[in-house]
Amino acid sequence: MYEMRTLSTDAERDEAVALVQDRQRWLTMRGLRVPARADIPALFRDPQDAPAGLFEDGLLLACMIPQHTSSHGWDQGPCLFLSCFHTLPDHSDDTVQLITLWASDFAARLGLPLVRTEILASDPLYADPIAPFLRRVIDMGWNLRGPGKGQHGEPVARLELIAEQRPGLAALIGCRVQEPQSAADRRSIT
């Protein structure tokens, strides 16, 4: 069984840092873009950022920082924003499909209409080496909102997903992720 949970221990956050660094090395070795912001691993070390991870039998497959925002640099309206989303190298497609299902359900349970995220890309998107990945995530239900500047100023593809409750999902993915909001108001959503 899979489990999405807030990374609450130093060991879990260190594991996320290692995953981010492994992913960045993997991208570099293939000549693909890596985030320009050098301190992304530091974001996963900070418990105040409430990073979350997808685990399978104790193995961290993906990590991200879920954020509840009503105003984002490229669109208005409340959403669950998946910041700094990284997957374990060579596990992307299945992991992204699981995150897609979880994020859509989680956002709906929070009363948010959308999930948004950004992935590193160049304009034009169809010529970028990331184009096959973009086609796969669009097939998973994500809407491509076009190119732009990301949270950290780098060129990205903007993706949006409609929130949808998935009542049977708990049988596949357990969820123990804190509601993304101010630290004083955080609570666990199960």
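Q: What makes the residues around the largest pocket its lining, and which lie nearest its centre?
A: Lining residues have an atom within 4 Å of a pocket point; on a 1 Å grid over the protein atoms alone, a pocket is an open set with protein on both sides within 12 Å along at least five of seven lines. Here 33 residues line the largest pocket, and Leu27, Ile119, Leu120, Ile130 and Phe133 lie nearest its centre. The model is predicted: local features need pLDDT of at least 70 and side-chain atom pairs pLDDT 80 or more, while totals for chains, interfaces and linings use all residues. Residues are numbered from 1 along each chain as its sequence is written, and side-chain values use heavy atoms, without hydrogens and water.

Q: Which element gives the most to the lining of the largest pocket?
A: Strand 4 does, with seven residues; strands (E, at least two residues) and helices (H or I, at least four) are DSSP runs, numbered from the N terminus.

Q: Why are the buried residues of helix 1 said to line one face?
A: Buried means under 20% relative accessible area, and exposed over 50% (1.4 Å probe, protein chains only). Among the buried residues of helix 1 are Ala16, Val20 and Leu27. Down the helix axis, the buried residues fall within an arc of 160°, so they line one face; the arc is that of the directions from the axis to the C-beta atoms. On the other side, Asp10, Ala11, Thr28 and Met29 are exposed.

Terms used. On a 1 Å grid over the protein atoms alone, a cavity is a set of points where a 1.4 Å probe fits but cannot get out, and a pocket is an open set with protein on both sides within 12 Å along at least five of seven lines; lining residues have an atom within 4 Å of a point.
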